[in-house]
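I opened this notebook to record what I looked up in one structure. The entries follow the order in which I consulted it.

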Amino acid sequence: MLAILDINTAPGRADFDRLLTKLRGTSSFDSDASRAVAEIISEVRKEGDVAVVRYMRQWTDPGFQADRIAVTQAEIDAAAATIAPTLRRALKAAIVNVRRYQKHILPRDTKPVTIDGAELGLRFTPVESVGLAVPGGKAAYPSSVIMLAVPALVAGVPADRISVVTPPPTRQPGELNDADARGGGDISPLVLATCKMLGISRVYRIGGAQAIAALALGTQRVGKVDLIAGPGNIFVQLAKAQLNGIVGTDNGFYGPSEIVTLADASADPAKVAADLLAQAEHDPGKCFVIAWSRRVLQRIVAEVEKQKAQRKRVEVIDNALSNESAAILVKSEKEAIAVADTLAAEHVNLAVKEPRKLLAKLRHGGEFFLGDDTPVAAGDYFAGPSHCLPTGTTGRFASGVSVYTFLKRSGTVWYRRGMPDHVIDAVASLARAEGLDAHAASAEARRGKK
């Protein structure tokens, strides 16, 4: 049941603060987890594939073997051949939309500006190779392949320099599945088919911190990359953080899915409830709806209960609604904005009469969905912006994956007609003030060289 919390009462505020602490905790780097990840990284550095296999056996599949790390081209081709035409068309349409949006936002080199005789510019160049972390284990996410790979391709990363890591289904000792009869081709055919559609052939059947370490450090079977991006659990996020510097990362915390909806009297309770349930069916999912009318919240909560019975993942949804979520009653729209900015959610849905006006007042959020006719699911699969977004309140300072993630910015400086004397004097003066006379001399060597 989704509880209604009046944050202007002491009990309501205490319950909200508890949920906020829990939400922020999903992105905190717990010391025990940090030590565990550091050990995994150290062992992958020393032992390569041997360590990767050991951790895959421990966390994902007790029967995992080293020859299963790399997915073969034959497996990719076979998977692609199994996809139904209607699903293939949907995947292609999603790819077209995401590519079109990412091309639209692709930055161009700036026109130079001349300052004190120097032509100054900015150029953008793609990283040479990337590793993409695509969740697996409990579910399959071909949409994440699209949302990560298309921005990289649009940035200019060649398809043959893109690596995808995605783990096989999680299972217990002695547990078998249909994939065993096919020689271990147990990654979702949809994920592999999407990789083929995008021209990606480097796919590895691994996940967790060990997969991030393998991409960053390189192993016998996993090629080293220059940048790693993608969502995952705390171990994946910690591995990216600890390896940052050895390898580039997306600098985002993309963890458990979450939504914040702001609703006024114009909101359709059925549509708002449907969006909340869509996030609640993640395992785990976190859902918040904020309104300055108790009646609005009551209608939405009632609709959530009504629709919940029609969903398949009822147990997961119940856990999310009871333990991770809340309907939050505030005094005013101004207070609603403050609460939403505090939550800084992955998805922010504006189910209000004038969503653009409200959007202008909000500062934090991974992605904004305007109006109750704009479901978050459209952003998850189809609309254009990537669904790899900051979670755990990190939307206060972080951004989602986009074409920008895979680009480097470099300034350019050109004294086309030589350095003017007053520039040489200024540079030399500043350099000597810092005790760096060689810097000063390098500027003065240009005097009269026009």
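Is Thr-261 buried or exposed? I found Thr-261 buried, with a relative accessible area of 1%; buried means under 20% relative accessible area, exposed over 50%, and partly exposed in between, with a 1.4 Å probe and protein chains only.

**Entry 1: basis**

I noted that this is a predicted model, in which local features need pLDDT of at least 70, side-chain atom pairs count only at pLDDT 80 or more, and totals for chains, interfaces and linings use all residues. Residues are numbered from 1 along each chain as its sequence is written, and side-chain values use heavy atoms, with hydrogens and water left out.

**Entry 2: the whole chain**

I recorded 17 helices and 14 strands in the protein chain. Helices (H or I, at least four residues) and strands (E, at least two) are DSSP runs, numbered from the N terminus. Along the principal axes, the C-alpha atoms of the protein chain fill a box of roughly 80 × 60 × 45 Å. Of its 450 residues, 49% count as buried. I also looked up contacts (heavy atoms within 4.5 Å). Among those between residues at least 6 apart in sequence, 74% join residues at least 24 apart.

**Entry 3: the surroundings of Thr-261**

I located Thr-261 in strand 9. Leaving aside neighbours within four places in sequence, I listed the contacts of Thr-261 as Val-272, Leu-276, Phe-288, Val-289, Ile-290, Asn-349 and Ala-351.

Six strands form an open sheet with parallel pairing, in the order 1-11-10-9-12-13; two strands pair if DSSP finds at least two bridges between them. Strand 1 (4-6) and strand 13 (367-370) stand at the edges with a single partner strand each, so one side of each is left without a neighbour in the sheet. From one strand to the next, the twist averages 20°.

Strand 9 (residues 257-263) runs parallel to strand 12 (residues 347-351), and five bridges join them. I noted Leu-350 in strand 12 as the bridge partner of Leu-262. Strand 9 also pairs with strand 10 in the parallel sense, over six bridges. There, Ile-259 stands opposite Cys-287 in strand 10.

How many residues of strand 10 are buried? In strand 10 (residues 285-291), I counted seven of seven as buried. Both faces are covered, with Gly-285, Cys-287, Val-289 and Ala-291 on one side and Lys-286, Phe-288 and Ile-290 on the other.

I next looked up an open sheet of five strands, which has parallel pairing and the order 6-5-4-7-8. Its edges are strand 6 (202-204) and strand 8 (248-249), each with a single partner strand, so one side of each is left without a neighbour in the sheet. Strand 4 (residues 130-133) and strand 7 (residues 227-229) run parallel and are joined by three bridges. Gly-131 stands opposite Ile-228 in strand 7.

I placed Ile-146 in helix 6 (residues 142-155). Ile-146 is buried, with a relative accessible area of 2%. Apart from neighbours within four places in sequence, Ile-146 is in contact with Leu-91, Ala-94, Ile-95, Val-98, Pro-151, Thr-194 and Leu-198. The C-alpha atoms of Ile-146 and Ala-383 are separated by 12 Å, at 237 residues apart along the chain.

The axes of helix 5 (residues 85-105) and helix 6 come within 9 Å and cross at roughly 35°. Axes are lines fitted to C-alpha atoms, for helices over the stretch in contact, and angles run from 0 to 180 degrees between N-to-C directions. The residues of this contact divide into eleven nonpolar, one polar and two charged. Here Ala, Val, Leu, Ile, Met, Phe, Trp, Tyr, Cys and Pro count as nonpolar, Asp, Glu, Lys and Arg as charged, and the others, Gly among them, as polar. Among those that meet are Arg-99 and Gln-102 in helix 5 and Met-147 and Val-150 in helix 6.

**Entry 4: helices 8 and 9**

Helix 8 (residues 208-217) and helix 9 (residues 234-243) pack at an angle of about 25°, with axes 7 Å apart. That makes helix 8 roughly parallel to helix 9; angles under 35 degrees count as roughly parallel, over 145 as roughly antiparallel, 65 to 115 as roughly perpendicular and the rest as oblique. By class, I recorded nine nonpolar, one polar and one charged residues in the contact of helix 8 with helix 9. Gly-208 in helix 8 and Lys-240 in helix 9 are among the residues that meet.
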